[in-house]
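Here are some notes to read alongside the model, written as numbered points. Please keep the structure open while going through them.

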Amino acid sequence: MKEIKKPYIILSAAMTIDGKIASKMGDPDLSDEEDWREVHKLRTQMDAIMVGKGTILKDNPKLHIKYFKHKGYYRIIVDSTLSIPINSNVIDFKPEIYPTILCTTENAPLDKIKEFESKNVAVLKVGAKDQVDLKKLMLLLSKKGIKSILLEGGGNLNWSFIKDDLVDELRLTIAPWIIGGKEAISLIEGEGFDKMIQGRKFKLVKVSSRDNYVMLRYQRKNR
Ligand SMILES: NC(=O)c1ccc[n+]([C@@H]2O[C@H](COP(=O)([O-])OP(=O)(O)OC[C@H]3O[C@@H](n4cnc5c(N)ncnc54)[C@H](OP(=O)(O)O)[C@@H]3O)[C@@H](O)[C@H]2O)c1
């Protein structure tokens, strides 16, 4: 495995027993209060939190920290065309505590870049292809002093991180539902690998359970 200098990436998600992170209608409500507390605790330990544009469009999350004292962190969003609404919660909610970095491509429209910059959002152009070049982005973020990132989905961004072999750790909560639906987003979307040998193998380091929920912690093997 080729080693690159990059932040430590923890992929965190709550999923159903059948591996869905939202229903086919986009309902993401599968965490209980205790699970949210755990996620927010983990957020306090990270330099940044990252999600894809799909999650912003569907859930409009604040990506903040409740329940615990904290020093804030960066919110990092990937959006190749800068099409998230300018009044999204990640732009307007407490930017002084959670500065937002919007990562896009060379193809992003200049007027959009200016619009976001006028709201003190840092816009990074990374890659000239259709989507943000995550390997390059990791190096840029590393240079900015970001040493750890909590990757909170969704399924398509998770796939790109797995494909590029950038994930160091998984923190998964299995919630006690089966929801089905091929349109329901899975933990990992994308085209997938052809053979198991190409897949990313992880080492199980912790299993715990409470109230019908199971928590799994894995680390990337051979890293
Ligand atoms: N249960 C949980 O823990 C949890 C956590 C998070 C999200 N979710 C759910 O996940 C769903 C959203 O997932 P999603 O898969 O639709 O969207 P997503 O993964 O949040 O965002 C994907 C989008 O990001 C943009 N992008 C830019 N560069 C990319 C790259 N290199 N690789 C991949 N994407 C890149 C692409 O749009 P452009 O090409 O247009 O830029 C892409 O369509 C929501 O329903 C949400 O509720 C659940």
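1. In this predicted model, the side chain of Lys58 places an N or O atom 2.9 Å from an oxygen atom of the ligand. Ile21 takes part through its backbone, as one of its polar backbone atoms is 3.0 Å from a nitrogen atom of the ligand.

2. How much of the ligand does the protein bury? The ligand taken alone exposes 930 Å², and the protein buries 87% of that area.

3. The ligand is surrounded by 25 residues, and the closest of these are Lys53, Thr55, Asp59, Ser80 and Ser160. Two or more residues of this shell come from each of strand E1 (8-15), helix H2 (53-59) and helix H6 (155-163), and it is H2 that supplies the largest share, with five residues. Sorted by class, the shell holds ten nonpolar, ten polar and five charged residues.

4. Please look next at the second largest pocket, whose volume is about 350 Å³. Its lining consists of 15 residues, and those nearest the pocket centre are Ile162, Phe193, Met196, Gly199 and Arg200. The elements that contribute two or more residues to this lining are H6 and strand E7 (169-174), and H6 also gives two or more residues to the shell around the ligand.

5. Which classes of residue make up the lining of the second largest pocket? That lining divides into ten nonpolar, two polar and three charged residues.

Terms used: Residues are numbered from 1 along each chain as its sequence is written. This is a predicted model: local features need pLDDT of at least 70, side-chain atom pairs count only at pLDDT 80 or more; totals for chains, interfaces and linings use all residues. Side-chain values use heavy atoms; hydrogens and water are left out. A residue is near a molecule or strand if one of its heavy atoms lies within 4 Å of it. A polar contact is a pair of N or O atoms within 3.5 Å; within protein, one must be able to donate a hydrogen and the other to accept it, and residues adjacent in sequence count only if both atoms are side-chain atoms. Accessible areas come from the Shrake-Rupley method with a 1.4 Å probe; for residues, only the protein chains shown count as cover. Helices (H or I, at least four residues) and strands (E, at least two) are DSSP runs, numbered from the N terminus. Ala, Val, Leu, Ile, Met, Phe, Trp, Tyr, Cys and Pro count as nonpolar, Asp, Glu, Lys and Arg as charged, and the others, Gly among them, as polar. On a 1 Å grid over the protein atoms alone, a cavity is a set of points where a 1.4 Å probe fits but cannot get out, and a pocket is an open set with protein on both sides within 12 Å along at least five of seven lines; lining residues have an atom within 4 Å of a point. Grid points are joined across faces, edges and corners, and a volume is the space filled by probe spheres set on the points.
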